Amino acid sequence: MDFWDTPRHGGNSFNRLPPDQVYFDALKGYGASWVRLSYDKWRPAGRDFLLGNADDYQGLAAADLKQLVAVLDRAHAAGLKVVITPLSLPGMRWSQNNQGQFDDRLWQDKRFWTQSARFWRDIAQALKDHPAIAAYNLINEPAPEKLGGLTEHAPPEQMQQWYARQQDGARDLPALYRQLLAAIREVDDKTPVMLDAGWYAAADAFSYWPAPLADARVLYSVHMYEPYAATSAPNLARQRPYAYPGSVPFAGQVQPWDAQRVADYLQQPLDWAQRMELPRSRLVVGEFGCMRRLPGCRQYLEDVLGVLDRQQLHWAFYSFREDSWDGMDYELGTAKVPWRYWQAIDQGQADPLPRQATPAFEPIRRRLQP
């Protein structure tokens with residue numbers, strides 16, 4: 001846990017091909033200390049990478065585990081710590097691997113909780129001694145609330161009332177985390193765990209948690225893309241994109257968003273942690289970003305990072321040299337990518353584009369430097 005006692009800055013790796021040594025060396029070269037690593041886009045031995053099949057978990061896929069360990073070895077050789085981050089669990093297949101459909105089974109049937117606990121126990125047994133591992137991020141962006149009757153960005157009182165009705169049921173996210181953590185601790189009592197808030201790790205979604213988990217080696221993570229209507233890919237496709245700073249739809253109304261509004265929004269998990277008497281060092285902003293081609297993106301990154309700097313929080317930007325989607329790959333600048341980028345994806349080949357520090361990347365690059 002000592003690694004997390006001082007602010008740590010890094011990047012997200014959500015690549016379709018397992019990253020090579022050059023990739024990790026480059027991220028470390030910018031000054032990053034950790035990488036949040038997802039493997040769900042890699043070619044699996046079965047239906048789902050490492051899981052075998054998210055419909056019925058039977059054990060870790062041996063060939064996939066070998067591939068994952070090889071990637072961890074590369075990260076360690078570069079001097080980076082790794083947070084393992086599944087996008088899928090049994091009964092919760094990541095939508096992009098599920099024909100674009102949101103998979104709600106985990107939040108309806110505790111049979112999948114039991115399978116997920118076995119899955120995480122197996123991962124911990126296999127990886128607990130690997131020197132690169134800095135934490136297990138138990139699931140990326142869970143959303144038990146989505147089909148459970150709670151509006152996104154609802155007022156805290158409404159969230160708390162909703163949770164009171166869900167406690168001990170299949171949509172009780174803290175209870176799921178307790179079960180997964182207990183399974184991990186059967187075989188690994190040391191490795192920290194990282195827990196995303198609900199509603200896709202929204203910064204306001206810890207508001208309904210009545211207590212933290214009873215384990216000192218737990219980190220609590222939120223993601224920051226708000227106001228999503230201004231930072232996201234759909235905005236880029238609008239005939240007249242919403243501007244940042246500017247007035248943007250959020251939580252059912254149009255609101256002005258600027259540096260102060262960003263700070264106010266990100267204050268919510270800080271306030272929750274203070275009420276729970278959690279040290280600041282246990283809070284993480286596991287993802288943040290904006291579409292690099294939007295005119296306000298650089299200012300948005302500055303405003304978000306300004307808050308994270310002042311509050312001395314751990315963070316990882318989204319994303320580093322993503323080879324399946326260019327939207328938040330700031331080393332590419334603000335221009336469209338050439339056709340050969342998409343051609344490589346279609347052919348399953350390595351990303352052919354050179355990367356370099358650009359003005360779009362500058363807010364991040366500057367703060368990664370030790």
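This is a predicted model: local features need pLDDT of at least 70, side-chain atom pairs count only at pLDDT 80 or more; totals for chains, interfaces and linings use all residues.

Trainee: Across which strands does helix α10 lie?

Mentor: Helix α10, residues 297-311, lies across β6, β9 and β10. Its direction makes an angle of about 170° with β9.

Trainee: What do the strands themselves form?

Mentor: The general idea is that strands of a sheet pair through backbone hydrogen bonds, in either a parallel or an antiparallel manner. Here eight strands make a closed barrel with parallel pairing, in the order β1-β2-β3-β4-β5-β6-β9-β10. From one strand to the next, the twist averages 25°.

Trainee: How many bridges join strand β5 and strand β6?

Mentor: Four bridges join β5 (residues 193-196) to β6 (residues 218-224), in the parallel sense. To find one of these on the model, look for Val193, whose bridge partner in β6 is Val218.

Trainee: How should I read the contacts between charged side chains?

Mentor: In general, side chains of opposite charge can pair when their charged atoms come close. The count in this model comes to 22 salt bridges. One of them joins Asp55 and Arg93, with 3.3 Å from N to O. Asp55 is in the loop between β2 and α2, whereas Arg93 is in the loop between β3 and α3, so the pair ties together parts that are 38 residues apart in sequence.

Trainee: Are Asp55 and Arg93 buried or exposed?

Mentor: Asp55 has a relative accessible area of 34% and is partly exposed. Arg93 has a value of 5%, and it is buried because buried means under 20%.

Trainee: Which residues are linked with this pair in a network of salt bridges?

Mentor: The network links Asp55 and Arg93 with Arg47, Asp48, Asp103 and Arg105.

Trainee: Where do the partners of the salt bridge between Arg185 and Asp215 lie?

Mentor: The closest N and O atoms of Arg185 and Asp215 are 3.0 Å apart. Arg185 is buried, at 19% relative accessible area.

Trainee: How many aromatic pairs are there, and how is the geometry of one read?

Mentor: The count comes to 31 aromatic pairs. For each pair, one reads the distance between ring centres and the angle between ring planes. In the case of Trp42 and Phe49, the centres are 5.3 Å apart and the planes stand at 85°, so the pair is edge-to-face. Both Trp42 and Phe49 are buried. Tyr244 and Tyr300 are also an edge-to-face pair, with 5.2 Å centre to centre and 90° between the planes. Tyr244 is in the loop between α8 and β7 and Tyr300 is in helix α10, so the pair ties together parts that are 56 residues apart in sequence. Tyr244 counts as buried at 8% relative accessibility, and Tyr300 is buried at 1%.

Trainee: Which residues do ring pairs link into a cluster?

Mentor: The cluster holds Tyr23, Phe24, Tyr30, Phe317, Phe320 and Phe361.

Trainee: Over which ring does the charged end of Arg8 sit?

Mentor: The charged end of Arg8 sits over the ring of Phe3, 4.2 Å from the ring centre. Another case is Arg238, which lies over the face of Tyr242 at 3.9 Å from the ring centre.

Terms used. Residues are numbered from 1 along each chain as its sequence is written. Side-chain values use heavy atoms; hydrogens and water are left out. Two strands pair if DSSP finds at least two bridges between them. Helices (H or I, at least four residues) and strands (E, at least two) are DSSP runs, numbered from the N terminus. Axes are lines fitted to C-alpha atoms, for helices over the stretch in contact, and angles run from 0 to 180 degrees between N-to-C directions. Contact means heavy atoms within 4.5 Å. A salt bridge is a side-chain nitrogen of Lys or Arg within 4 Å of a carboxyl oxygen of Asp or Glu. Buried means under 20% relative accessible area, exposed over 50%, partly exposed in between (1.4 Å probe, protein chains only). Rings of Phe, Tyr and Trp (its six-membered ring) pair if their centres lie within 6.5 Å; planes under 30 degrees apart count as stacked, over 60 as edge-to-face and the rest as tilted. A charge sits over a ring if NZ of Lys or CZ of Arg is within 6 Å of the ring centre and within 35 degrees of the ring normal.
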